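Trainee: I would like to learn how to read strand pairing and ring contacts in a model. Can we work through one together?

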Number of protein chains: 2
Amino acid sequence: MDRIRKVVANISEIDPVIIKKTQERLDNLTKPLGSLGRLEELARKICGITGKENPSLRNKVIFTLASDHGVTEEGVSAYPKEVTAQMVYNFLSGGAGINVLANHVGARVVVVDIGVASDLKPDPRLVVKKINYGTKNMAKGPAMTRDEAIKAICAGIEIFEDEFKAGIDIAGTGDMGIGNTTASSAITAVFTKKPIEEITGRGTGLDDKGLKNKIDIIRKSISLNKPDSSDPIDVLSKVGGFEIAGLAGIILAAASKRVPVVLDGFISGAAALAAFHIEPKVKDYMIAAHCSVESGHKVILEHIGLKPLFDLDLRLGEGTGGALGIGLADAAIKILTEMATFKSANVSEKKK
Amino acid sequence: MDRIRKVVANISEIDPVIIKKTQERLDNLTKPLGSLGRLEELARKICGITGKENPSLRNKVIFTLASDHGVTEEGVSAYPKEVTAQMVYNFLSGGAGINVLANHVGARVVVVDIGVASDLKPDPRLVVKKINYGTKNMAKGPAMTRDEAIKAICAGIEIFEDEFKAGIDIAGTGDMGIGNTTASSAITAVFTKKPIEEITGRGTGLDDKGLKNKIDIIRKSISLNKPDSSDPIDVLSKVGGFEIAGLAGIILAAASKRVPVVLDGFISGAAALAAFHIEPKVKDYMIAAHCSVESGHKVILEHIGLKPLFDLDLRLGEGTGGALGIGLADAAIKILTEMATFKSANVSEKKK
């Protein structure tokens with residue numbers, strides 16, 4: 001807990017002065033005032049977060065955390081549990097969606113086993129921070145112990161801080177875990193108090209019957225475990241997942257180091273929700289890349305107060321939407337730092 | 001007219017077989033079925049357009065056509081007319097928004113003087129296809145002669161075909177022309193029959209009084225010139241612009257060469273509208289990048305039947321939104337061609 005407290009204590013308010021200065025600078029560039037809309041908003045936000053007038057986004061890192069979920073016993077996913085481990089190998093060999101999209105935007109992917117249910121073949125590129133062999137079935141009891149939830153958040157902090165030594169200018173969050181939309185819906189229900197039906201989706205592709213079962217299992221898990229919404233660690237331990245808790249740690253650590261963190265979809269959103277309930281100031285460090293097909297994601301973003309950059313009907317996870325968001329952040333900073341001013345380009349300004 | 005007819009005759013239907021095959025291939029990649037949403041749609045569309053199962057998007061070209069508008073005499077823009085020429089120099093020296101965003105996505109920008117009101121300093125990078133020194137004031141008579149409208153469309157075709165020799169895998173449309181949202185609103189009103197108030201925006205930043213004047217001028221121009229909506233050349237000549245007609249030519253030429261063409265904002269939309277009314281089949285070759293702040297743009301996209309990829313509150317033009325759309329198209333094709341399949345990565349498929 002001490003480590004989490006220390007990180008949280010280091011999360012400061014964003015500097016409004018640099019945000020104002022950034023807009024003034026944007027207003028001098030050769031374009032009508034405000035005409036680059038949300039790219040300008042992004043540039044302002046990134047300058048505010050980093051405290052830098054000329055931030056560089058050279059080092060882009062996407063953290064893809066993999067873990068298993070005991071609740072898959074209840075038939076809540078369209079894919080078998082083994083897929084979590086199989087996909088980790090796919091990440092390591094570069095064949096997954098996140099590899100392709102991270103390459104596309106010039107980001108590196110840090111793949112983490114934070115709780116895969118099997119022992120994975122050793123690989124120098126795989127970060128192993130295994131808290132346990134998957135969570136327990138939350139429909140029968142808490143998904144993990146309180147101590148495990150704290151350890152998972154701390155593992156996220158460690159992963160971020162280790163990687164930060166090599167340089168991180170912008171971070172993205174990603175996940176892999178068969179069953180993790182079930183945990184994310186449960187977390188969302190507890191924190192936002194919205195009806196479970198409203199925030200539960202088909203995940204990787206459930207049919208109507210499967211969706212009904214998933215909703216029932218989430219309802220059962222919450223009524224059995226009674227997570228306390230005023231205690232985010234309690235929520236994460238009772239109905240969370242190791243990758244979700246780990247991502248919450250990464251988000252908090254990024255904020256404490258003044259690194260913008262681009263959120264992917266629903267699972268990253270559930271992690272962001274937990275981080276936000278641990279420390280609301282973290283919101284200002286978050287960039288919501290997209291709005292997922294999973295209905296709970298929109299509810300999370302509204303609850304935190306984030307407006308997604310785009311909606312491309314994505315529901316893959318892994319950090320894929322976040323990667324595209326990092327690409328837009330890059331574009332926004334290039335606009336700020338590479339465009340000519342009215343003066344330097346000898347272009348007439350707006351009529352008075 | 002013969003040249004336009006020839007190009008139009010070469011626009012064929014999209015092959016449904018390759019679209020189906022592309023989806024089958026996407027369904028074998030290591031991701032839940034359909035989970036990359038509109039990126040999958042983009043990949044299918046690009047395969048359908050190009051007729052290639054493994055399209056490459058190496059050669060990305062954005063055509064930014066600049067021209068002046070006589071209607072600026074009526075005070076319809078917040079910026080002085082000289083800005084059109086000044087911005088052409090800015091494009092050539094690489095300081096404009098389009099330069100930054102084209103670089104960001106790896107596209108080259110072809111800058112064209114198709115009707116700037118002054119003679120520009122010769123520059124080997126500037127394509128000069130000047131039809132006239134700006135259009136005439138459409139509030140007092142036709143913006144151009146019918147012959148000039150045809151010449152401007154043919155100039156667009158020529159520009160595309162010349163550049164096509166150097167290779168174009170995907171094209172983007174862009175514009176520069178103080179006053180051109182006025183022409184675009186007029187074109188939109190004529191083709192879509194929507195009320196002028198509904199499809200007229202503030203352009204580069206008009207105040208309420210300026211917006212009212214702009215609406216009045218558009219109304220006057222339409223009632224004076226009586227453009228015939230069943231004759232797109234008539235519409236372009238009476239209330240259009242050289243860059244708008246030129247872009248219509250580029251769009252038709254791209255379709256005739258089976259090159260996907262990514263539309264930027266409102267001005268590109270007006271050009272697309274004219275191209276669509278010349279030959280409706282051209283729609284299938286268009287990709288709508290974004291939805292502009294200019295209210296008429298949404299109406300155009302609905303009229304043609306295109307759904308924009310994103311909405312970032314952009315209203316700069318030049319091809320900037322199109323550039324970001326090209327970046328997404330690139331991502332979509334990389335997903336299709338670089339991801340592992342379930343089989344190659346040894347990942348279990350969905351439960352039956």
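Trainee: In which sense do β2(B) and strand β3 of chain B pair, and over how many bridges?

Mentor: Keep in mind that this is a predicted model. β2(B) pairs with β3(B), residues 126-128, in the parallel sense. Three bridges hold that pairing. One partner couple is B:V112 with B:V127.

Trainee: How many bridges join β1(B) to β2(B)?

Mentor: Eight, and these strands run parallel. Here B:A66 has B:D113 as its bridge partner.

Trainee: How do side chains lie along a strand?

Mentor: In a regular strand they alternate between the two faces of the sheet. Now look at burial. Strand β2 of chain B spans residues 107-115 and is mostly covered. Seven of its nine residues are buried.

Trainee: Now the rings. What describes an aromatic pair?

Mentor: Two quantities: the distance of the centres and the angle of the planes. Over all chains, the count is six aromatic pairs. Take A:F63 and A:F160: the centres are 5.8 Å apart and the planes stand at 40°, so this pair is tilted.

Trainee: Which parts of chain A does that pair tie together?

Mentor: A:F63 belongs to strand β1 (residues 60-67) and A:F160 to helix α6 (residues 146-165), so the link joins parts 97 residues apart in sequence. A:F63 is buried, at 0% relative accessible area. A:F160 is buried too, with 0%. Ring pairs also bring in A:F164, giving a cluster of A:F63, A:F160 and A:F164.

Trainee: Are A:F342 and B:Y79 stacked or tilted, and why?

Mentor: Stacked, because their planes are at 15°, under the 30 degrees cut-off. Their centres are 6.3 Å apart. This pair crosses between chains. A:F342 sits in the segment after α13 of chain A, and B:Y79 in the loop between β1 and α4 of chain B. A:F342 is buried, with a relative accessible area of 5%. B:Y79 is buried, also at 5%.

Trainee: What does B:S348 touch?

Mentor: Leaving out residues up to four places away in sequence, its contacts are A:Y79, A:P80, A:E82, A:V83, A:Q86 and B:F342. B:S348 lies in the segment after α13 (320-338) of chain B. B:S348 and B:T30 are 318 residues apart in sequence, yet 9.0 Å apart C-alpha to C-alpha.

Trainee: Where does the charged end of A:K121 sit?

Mentor: Over the ring of A:Y89, 4.5 Å from its centre. In chain B, the charged end of B:K121 sits over the ring of B:Y89, 4.6 Å from the centre.

Key:
Residues numbered from 1 in each chain as written. Chains lettered and ligands numbered in written order. Predicted model: local features only at pLDDT ≥ 70, side-chain atom pairs only at ≥ 80, totals over all residues. Heavy atoms only, no water. Phe/Tyr/Trp six-rings, centres within 6.5 Å; stacked < 30°, edge-to-face > 60°. Helix = DSSP H or I, 4+ residues; strand = E, 2+ residues; numbered from the N terminus. Buried < 20%, exposed > 50% of the residue type's maximum accessible area, 1.4 Å probe, protein only. Lys NZ or Arg CZ within 6 Å of the ring centre and 35° of its normal. Contact = heavy atoms within 4.5 Å. Pairing = 2+ DSSP bridges.
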